[in-house]
Amino acid sequence: MLSPNQTMVTEFVLEGFSEHPTLQFLLIGCFLTLYTVALIGNTVIIALVTSSTGLHSPMYFFLCNLATMDIVCTSSVLPKALLGLVSEENTISFKGCMAQLFFLLWSLSSELLLLTVMAYDRYVAICHPLHYTSRMSPHLCGALALGVWSICALNASVHTGLMTRLSFCGPKVITHFFCEIPPLLLLSCSPTYVNSIMTLMADAFYGGINFFLTLLSYGCIIASVLRMRSAEGKKKAFSTCSSHLIVVCVYYSSVFCAYISPASSYSPERSKVTSVLYSVLSPTLNPLIYTLRNKDVKLALGRLLSSFSH
């Protein structure tokens with residue numbers, strides 16, 4: 001409850017990178033470049049998968065979903081961050097902050113689940129190749145994608161709804177470049193016990209159970225690959241999985257640093273660095289990691305470009 005001398009905060013101030021004014025133009029250039037590459041790269045992936053019949057397979061279907069969430073993730077963070085870098089004071093309304101929090105949580109949790117689904121897809125393809133078509137049917141793939149989007153939208157709604165129930169009566173400076181759970185909880189002047197419990201439960205699911213399932217899939221994949229007699233088969237299997245494994249390692253390590261630690265030990269500087277990794281760098285690198293070394297995607301891109309030239 002607010003006391004008579006307290007007033008409800010109607011807007012927040014995003015601290016951003018104001019403590020490093022000498023890096024302003026460097027950060028603007030970097031963020032603008034990364035955002036442009038992320039938008040173009042992920043849009044190209046979506047266009048290729050939807051227009052090329054050769055890419056109508058479960059692996060590329062899930063990659064298309066991942067590209068969509070990458071666009072949502074970067075678009076919920078970078079435009080406001082860029083605006084803050086060129087403004088004297090970067091304010092965001094309470095409703096705007098909650099909207100940003102929802103779309104960020106939705107996209108981040110969706111990407112984590114999609115990485116697990118993609119690991120399972122590779123597990124079936126490598127460990128049970130003869131049953132791949134029947135196991136990864138279009139119906140199942142559609143159901144998995146719909147389940148990921150729905151579960152993560154529910155997760156984001158719960159956390160955002162709990163955040164709107166808190167009282168914020170000052171200070172109103174968020175020590176971050178976007179609205180995130182840990183710095184927001186530190187600003188609340190009402191009990192945050194329920195929020196903390198729900199955050200821990202989400203951490204246990206996405207960072208614990210989900211991560212374990214991903215590791216389990218790759219454990220089975222590695223064991224199956226090592227049993228292969230063909231050196232060429234081993235090379236192809238490892239090449240297919242290495243890209244996904246790199247993305248998983250980068251993504252989970254940055255998310256763990258940002259979310260697994262309790263709010264009381266929150267470090268603004270560390271959180272900003274890790275947040276750049278999972279909300280900016282990872283969505284930018286994903287299209288490059290997954291497609292540059294992929295022959296099918298290169299062929300589809302070549303056909304798409306040639307169709308525009310005629």
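Student: Why is Cys141 called buried?

Tutor: The model is a predicted one, and in it Cys141 has a relative accessibility of 5%. Since buried means under 20% relative accessible area, Cys141 counts as buried.

Student: What makes Cys73 buried, and how do you know that its sulfur is too far from the closest cysteine sulfur for a bond?

Tutor: The relative accessibility of Cys73 is 0%, so Cys73 counts as buried. Its closest cysteine sulfur is in Cys152, at 12 Å; because a disulfide requires sulfur atoms within 2.5 Å, that separation is too far for a bond. Cys141 is likewise in no disulfide, the nearest cysteine sulfur being that of Cys64, 13 Å away.

Student: How many disulfides are there by this rule, and what pattern do they follow?

Tutor: The count comes to two disulfides. With bonded cysteines counted along the chain, the pattern is 1-3, 2-4.

Student: Why is the pair of Cys97 and Cys179 called a disulfide?

Tutor: The sulfur atoms of Cys97 and Cys179 are 2.0 Å apart, and because the cut-off is within 2.5 Å, the pair qualifies as a disulfide. It links distant parts of the chain, with Cys97 in helix α3 and Cys179 in the loop between β3 (173–174) and α6 (181–187), 82 residues apart. The link is left-handed, with -130 degrees about the S-S bond.

Student: What makes Cys169 and Cys189 a disulfide, and which parts does the pair tie together?

Tutor: Their S to S separation is 2.0 Å, and because the limit is within 2.5 Å, a disulfide joins Cys169 to Cys189. Cys169 lies in the loop between α5 (138–164) and β3, while Cys189 lies in the loop between α6 and α7, so the pair ties together parts that are 20 residues apart in sequence.

Student: How do you know that the end-to-end distance of α5 agrees with a helix of its number of residues?

Tutor: At 1.5 Å a residue, the 27 residues of α5 should span 39 Å, and because its end C-alpha atoms are 39 Å apart, expectation and model agree. Within α5, the buried residues include Cys141, Cys152, Asn155, His159 and Met163, and the buried residues of this helix pack against α2 (58–86), α3, α6 and α7. Residues 140–158, which the unreviewed UniProt entry annotates as one of its transmembrane regions, are 100% helix and 0% strand.

Student: Why is Asn195 called buried, and what is it in contact with?

Tutor: Asn195, which is found in helix α7, has 7% relative accessibility and therefore counts as buried. Leaving aside neighbours within four places in sequence, Asn195 is in contact with Leu162, Met163, Leu166 and Leu185.

Student: What makes Gln100 buried, and which residues is it in contact with?

Tutor: Gln100, placed in helix α3 (residues 94–127), has 6% relative accessibility, so it counts as buried. Beyond neighbours within four places in sequence, its contacts are Ser76, Val77, Lys80, Ile92, Phe178 and Cys179.

Student: Which residues have the most contacts inside the largest nonpolar core?

Tutor: That core has 80 residues, and those with the most contacts inside it include Phe12, Phe31, Cys97 and Met163. The largest share of this core, 18 residues, comes from α3.

Conventions
Residues numbered from 1 in each chain as written. Predicted model: local features only at pLDDT ≥ 70, side-chain atom pairs only at ≥ 80, totals over all residues. Heavy atoms only, no water. UniProt positions renumbered as here; feature names shortened; annotations may be inferred. Helix = DSSP H or I, 4+ residues; strand = E, 2+ residues; numbered from the N terminus. Buried < 20%, exposed > 50% of the residue type's maximum accessible area, 1.4 Å probe, protein only. Contact = heavy atoms within 4.5 Å. Core = buried A, V, L, I, M, F, W, Y, C linked by side-chain atoms within 4.5 Å. Expected span 1.5 Å × (residues − 1).
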